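Here is a short briefing on how some elements of this fold pack together. The sequence and model come first.

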Amino acid sequence: MNPARGAAIVLLALSLPDGAAGVEPEPTPPPRGARLTLALRLPMAIATQRLGDPRCAAVLDHFKDRDGAPLKAVLTPRSRTPAEHLQGLTFVAESSGPCRRGPVMAWTTPGASRVVICIEHFERISRHNPRIAATVLIHEMLHTLGLPERPPSSESITSGVVERCGR
């Protein structure tokens with residue numbers, strides 16, 4: 001083949017729209033931030049709606065911080081509702097650390113304003129059952145208000161959220 005003609009064919013193939021040269025492009029995974037945004041969208045809406053219900057918001061009266069004060073007392077001086085507090089948190093996607101251990105979907109430190117989302121696990125649950133993912137968000141929100149873990153156990157926190165906020 002004439003080298004000039006070969007180069008012209010390569011240039012033509014490169015200028016064709018994806019798939020037009022008979023080769024499908026490799027799908028590019030969305031950036032981590034986009035994955036997190038998509039994974040959070042519906043669960044965040046569900047959690048926000050639930051926290052707008054006084055029965056669900058009462059979960060902040062049920063759980064206490066390390067000093068024995070109800071978590072609602074943390075929000076009162078800030079003049080924020082539980083839903084506003086949830087929406088004001090910072091969420092970051094992660095795949096390492098605690099996210100590699102078992103079915104961890106999210107974690108935070110009591111009193112922190114940052115929640116780590118274990119993107120692979122959370123994304124899967126968010127797609128299949130966003131209500132469970134919403135429960136996880138409310139659970140982690142309680143920790144951001146100062147709720148320690150052990151005691152109460154993670155299971156009892158989640159049970160308290162489900163009991164007051166629904167499945």
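Axes are lines fitted to C-alpha atoms, for helices over the stretch in contact, and angles run from 0 to 180 degrees between N-to-C directions. Helices (H or I, at least four residues) and strands (E, at least two) are DSSP runs, numbered from the N terminus. This is a predicted model: local features need pLDDT of at least 70, side-chain atom pairs count only at pLDDT 80 or more, and totals for chains, interfaces and linings use all residues. Residues are numbered from 1 along each chain as its sequence is written, and side-chain values use heavy atoms, without hydrogens and water.

**Helix 8 and helix 9**
- Helix 8 (residues 130–144) packs on helix 9 (residues 154–165) at about 115 degrees, with the axes 10 Å apart.
- In contact (heavy atoms within 4.5 Å), Thr135, Ile138, His139, Leu142 and His143 of helix 8 meet Ser154, Ile157, Thr158, Val161, Val162 and Cys165 of helix 9.

**Helix 7 and helix 8**
- These two helices pack at about 130 degrees, their axes 5 Å apart.
- Helix 7 supplies Phe122, Ile125, Ser126, Arg127 and His128, which meet Pro130, Ile132, Ala133, Val136 and Leu137 of helix 8.

- Three strands form an open sheet in the order 1-3-2, with mixed pairing (strands pair if DSSP finds at least two bridges between them).
- Strand 1 (90–94) and strand 2 (106–107) are the edges; each has a single partner strand, so one side of each lacks a neighbour in the sheet.
- Strand 2 runs antiparallel to strand 3 (residues 114–118), joined by two bridges.
- Ala106 has Ile117 in strand 3 as its bridge partner.
- Helix 7 (residues 119–128) packs on the sheet, touching strand 1 and strand 3, and its direction makes about 75 degrees with that of strand 3.
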